[in-house]
Amino acid sequence: MAKPNPSHPSDDMPRGGAARHATPKGRLLVRNIGHLVTMDASRRVLKGAWVLAEDGWIRAVGEGRAPRADGAEVLDARGGIVTPGMVNTHHHMFQNLARAFRPISNLPLLPWLAGHIPLWRRFTPDDLFVATQVACVELMLSGCTLTSDHHYLFPRDGAGDILDAGFHAAAALGIRYVGCRGSVNQPSDIMPEWSTQDLDVILADCDRLHGRFHDARPGSMAQVAFAPCTVFGCSGEHYRESARLARHLGARLHTHCGETIPENHDAVERLGSRPLAYMARHGWEGDDVWLAHGIHFTDAEVRRLGRARMGVAHCPVSNMRLGSGVCRVNDLRAAGATVSLGVDGSASNDSGHLLNEARAALLLTRVVHGAGAMTPEQALELATVGGARNLGREADLGSIEPGKCADLAVFPSSDLFSNGAHDPVHGLVLCHARNVDALVVHGRVRVRDGQVLGVELGPLLERHRRTARRFHDGLKKG
Ligand code: ZN
């Protein structure tokens, strides 16, 4: 259990001016909660409940009559369903500028990737800013309070401090953000020379970003992870040195692994072993590593992942969209690995709705293993406690209980597509995914009446459309 931290960590953040927030002083009372899905150790669901937060931390949770509000800000949940803020553990936010990109709409992973990489030759920090803001608004409205972004696109000429824009964009909206400094150091048919960087440049930027933005304290709003893209774009030395630097600095490690069968075959041919063993040889084994997708593992690999307490970010919609396969969620969990959810990049989803991802995880697991293979509660576990664990935040996030951060998603009890549901919590997952009414991040109301505060959505979306068109048209001109 996290010890309540009297001061918000960003209060006196010595680095990363963009990540600075005013301290959420004071109390917040969320009352009139129809169903409170705590995700505590006994997975209690409280009815007619309330949550009291102070300076960003949960002080008390209860059923029945709420405590007196005395000077507290009051958020009326209107009989809705409150879950812990959900956690998105895999994304490529820049890709929402290539949603439903027709030339690659019907391709599997590798040709799909090769088909959209040429779009990004002249990608700038401003482009990442607008893409990140749209991605974060989508996520916040779908219940997410902590997201990662695996950004591996650094055009060799003029990439500059590109990922800084992601931190700035997320901070402006008040969502927690883990910038995964992605990287590619080996050109290939898929990732041409211009989209790669030398390893010393990559490691220097990892170090710089960590120094500027990473806040390791409980309640942190911004962290950095190191994230080589895949074994087909990154050398063994790249994996080894990234792990060495990450462990020296206390950062987590993220990469793609086991997404498709061709990648596994290619690794055996080129590297002499399957990707998981190859990465393990270069230091990528341990509970500070979480892998994106993790679909095509052997039984022995599943046992290995479990023994090492590694994490897997399950991205069911992307896996279905690209026809990649079905993650062995239950086998991985039974072995001891932690499974969380990721919406994945929006060129292969093509939306970023995290509650919908929980629904898709349930449905996809049932396709293979039957109707009893995943309950709605288990799907919500992946989205909350699983995500917090994979991002190293189980001590302060992932559940609603005293001592944890006040990160709350307030969903309406029903909508048109769930009206009359017998069990509202089951309806939240089984019915068409809905948006939040309200979202609280570290005790601050960031979404109210279904609107993200502090952003004018119309102009943002117009700017995003213009930016997307610029990339589409740029490709046509060659
Ligand atoms: Zn990915």
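# Exercises on a zinc site and its helices

The zinc ion is coordinated at 2.1 Å by three histidine atoms: His 90 (NE2), His 92 (NE2) and His 256 (NE2). Donors here are N, O and S atoms within 2.8 Å of the metal (3.2 Å for Na, K and Ca), and sites may look incomplete, as water is not among the atoms. This is a predicted model, in which local features need pLDDT of at least 70 and side-chain atom pairs count only at pLDDT 80 or more, while totals for chains, interfaces and linings use all residues. Residues are numbered from 1 along each chain as its sequence is written, and side-chain values use heavy atoms, with hydrogens and water left out.

## Exercise 1: the zinc donors

Task: Work out what spacing the donors of the zinc ion follow along the chain, and whether His 90 counts as buried or exposed.

Solution: 
- Step 1. Start with the spacing, which reads H-x1-H-x163-H.
- Step 2. Helices (H or I, at least four residues) and strands (E, at least two) are DSSP runs numbered from the N terminus.
- Step 3. Now look at accessibility. His 90 counts as buried because its relative accessibility is 0%. Buried means under 20% relative accessible area, exposed over 50%, and partly exposed in between (1.4 Å probe, protein chains only).

## Exercise 2: the end of strand S10

Task: Find out which residues Cys 257 is in contact with, leaving aside its neighbours within four places in sequence.

Solution: 
- Step 1. Locate Cys 257 in strand S10. With a relative accessibility of 2%, Cys 257 counts as buried.
- Step 2. List the partners: Pro 275, Leu 276, Met 279, Leu 291, Ala 292, His 293, Gly 294, Ile 295 and Phe 297. Contact means heavy atoms within 4.5 Å.

## Exercise 3: H2 against H3

Task: Describe how helix H2 (residues 125-141) and helix H3 (residues 162-173) cross, and how the residues of their contact divide by class.

Solution: 
- Step 1. The axes come within 8 Å and cross at roughly 35°. Axes are lines fitted to C-alpha atoms, for helices over the stretch in contact, and angles run from 0 to 180 degrees between N-to-C directions.
- Step 2. The H2 and H3 crossing is right-handed. A crossing gets that name if the near helix is turned clockwise from the far one by less than a right angle, and is left-handed if anticlockwise.
- Step 3. Among the contact residues are Leu 128, Phe 129 and Val 137 of H2, and Ile 162, Ala 165 and Ala 169 of H3.
- Step 4. The classes come to 13 nonpolar, 4 polar and no charged. Ala, Val, Leu, Ile, Met, Phe, Trp, Tyr, Cys and Pro count as nonpolar, Asp, Glu, Lys and Arg as charged, and the others, Gly among them, as polar.

## Exercise 4: H4 and its two partners

Task: Find the angles at which helix H4 (residues 199-213) packs with helix H5 (residues 236-249) and with H3.

Solution: 
- Step 1. H4 and H5 pack at about 20°, with axes 11 Å apart, and are therefore roughly parallel to each other. Angles under 35 degrees count as roughly parallel, over 145 as roughly antiparallel, 65 to 115 as roughly perpendicular and the rest as oblique.
- Step 2. H4 passes H5 in a right-handed crossing. Their contact includes Leu 199, Leu 203 and His 210 of H4, along with Glu 241 and Leu 245 of H5. By class, this contact has 6 nonpolar, 3 polar and 3 charged residues.
- Step 3. Zoom in on Glu 241 in helix H5. Glu 241 is buried, with a relative accessible area of 18%, and touches Leu 199 and Leu 203, not counting residues up to four places away in sequence.
- Step 4. Turn to H3 and H4, which pack at about 25° with axes 11 Å apart and are therefore roughly parallel as well.
- Step 5. H3 also passes H4 in a right-handed crossing. Leu 163, Asp 164, Phe 167 and His 168 of H3 meet Arg 208, Leu 209, Arg 212 and Phe 213 of H4. The classes are 4 nonpolar, 1 polar and 3 charged.
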